[in-house]
Amino acid sequence: MDEVEWIHRHPKAEDLRVGLISWAGTYLTFEACKNTVTATAKSLGRRQTWEILVSNEHETQAVVRLKSVQGLYLLCECDGTVCYGRPRTSHHGCFLLRFHRNSKWTLQCLISGRYLESNGKDVFCTSRVLSAYHMWTPRPALHVHVILYSPIHRCYARADPTMGRIWVDAVVPCLEECGFLLHFRDGCYHLETSTHHFLSHVDRLFSQPSSQTAFHMQVRPGGFVALCDGEGGMLYPQGTHLLLGLGCNPVRGEEWFILQHCPVWVSLRSKTRRFVSVVYDDEVCAASERLTSMSLFQFECDSESPTVQLRSANGYYLAQRRHRAVMADGHPLESNTFFQMHWNCGRIILQSCSGRFLGIAANGLLMANATLPGPNEEFGILFANRPFLVLRGRYGYVGSSSGRDLIQCNQDQPDRIHLLPCRQGIYHFQAHGGSFWSITPFGTFRPWGKFALNFCIELQGSNLLTVLAPNGFYMRADQSGTLLADSEDITKECIWEF
């Protein structure tokens, strides 16, 4: 088989949503119980998240509608009031979005010509004279664990901790070095690598965030972002090795990256503890005791159905072929590339579209032979590009709070959960500083335990998982803000984005 070029997938709709911050530092908020829109919230949540629907875009402006997570649109009425609902005409709810050099947005009602503004509490559309009160700062609302893709160079940013640099040279984003945490603090962004270092203004990585690691972000619909220092310098790949650094002369739009949620890459291990790998271009077998790039698979899953596609680093998907053999030569829309997944204590079982279960044959090849699953059809699954977890639930991120000794699930800024693999599908959760997660008799958690406990992770979607806690209950987000492990069944509050 000819080698294929890795095809970059367009961002998902949820990766394109933004929060809009007013001049007063508050977020444009959908108030479901009041049938209105305000700007009182101090943090970014579901009600502060908007999808930007573009109908016409140019270099410095676009005609857009703002759609809430609840499916209703931001509407400007004739009297200047702002509410939400369904557009009554083709132009109702349309705004002229202008991109300003200071990374701000303005939204001008297409019908009345008035600008969307806030007094720090209420939101209205009454003035046609542009002022600072009409400026909104867009904040990407996607999960903070991200990758950066350069459409000009068709490569991903990759941190190099040994050199203390970031290069834009990764063709396939399967390494943990391609993942970054995007921290938002005081209106600026800090880009943290998987080894706890920060991109800086001086082309080297810093060990701590500071003014030298703070960047302004220009945001465009479609997931496009550009990072700048606020003094004319832009971040873009430079030189023959595509070093990511500040400069003043990007060409052909080199400064623009597509910001996406970091994809999940996994490895599969058979009962003989050998890695499932692609060999001889497209054959799939479990013969290697050593993890290689051809043992890595991107885990692509629709959260609405228990089916998964496994995309190899060669660009193709695993697919069942003739004689029940599984080959790495599938294409995205082929029905043979979809496998139903079942879980057994952290181990995954894959069932092909023919109803047979995947297992390892005597010659080591991956085959869809078994009509009933057994130990040979169970595979250990480990994260390949995730040395840590950042969990986001229905009410915010999982993290610690200075005023509470229990781990919370409603934080604006997350804590890293370092993963220590124990056995297939079982991990120890380690907090910052080296201590372990501990669980109380009430099913709550503290981050300073002395002994490692077993947590069972099961994937429920492309970037979704559930956690079975040491007490035998699923971990869930509680509306009070406290993280709990008290659910016998998997509910919406048990699903974590990571």
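Domain bounds here come from an automatic or database domain assignment. In this predicted model, that assignment gives domain 1 (17–140), domain 2 (145–261), domain 3 (276–383) and domain 4 (388–497).

**First stop: an annotated range.** Select residues 26–127. The unreviewed UniProt entry lists this range, together with 272–380, under "domain: Fascin-like".

**Second stop: domain 2 and domain 4.** Display 145–261 and 388–497, the ranges of domain 2 and domain 4. Their centres, taken over C-alpha atoms, are separated by 29 Å. To the contact, domain 2 contributes 9 residues and domain 4 contributes 7 residues.

Next, consider the surface that is covered. Between domain 2 and domain 4, about 720 Å² is buried, with carbon and sulfur atoms giving 53% of that area. Select Leu181, His196 and His261 in domain 2: these residues lose the most area to domain 4, and together they account for 56% of what the domain 2 side buries.

Which side chains meet in a salt bridge? Select glutamate 192 and arginine 416, where the N to O distance is 3.1 Å. The count between domain 2 and domain 4 is 1 salt bridge. Across this interface, 5 residue pairs are in polar contact.

**Last stop: strand β16.** Select residues 180–185, which form strand β16. This strand supplies 3 residues, the largest share of the side of domain 2 that touches domain 4. By class, the residues of that side comprise 2 nonpolar, 6 polar and 1 charged.

Conventions:
Residues numbered from 1 in each chain as written. Predicted model: local features only at pLDDT ≥ 70, side-chain atom pairs only at ≥ 80, totals over all residues. Heavy atoms only, no water. UniProt positions renumbered as here; feature names shortened; annotations may be inferred. Contact = heavy atoms within 4.5 Å. Buried area = accessible area lost by both parts, 1.4 Å probe. Salt bridge = Lys/Arg side-chain N within 4 Å of Asp/Glu carboxyl O. Polar contact = N/O pair within 3.5 Å; in protein donor to acceptor, adjacent residues only side chain to side chain. Helix = DSSP H or I, 4+ residues; strand = E, 2+ residues; numbered from the N terminus. Nonpolar A, V, L, I, M, F, W, Y, C, P; charged D, E, K, R; others polar.
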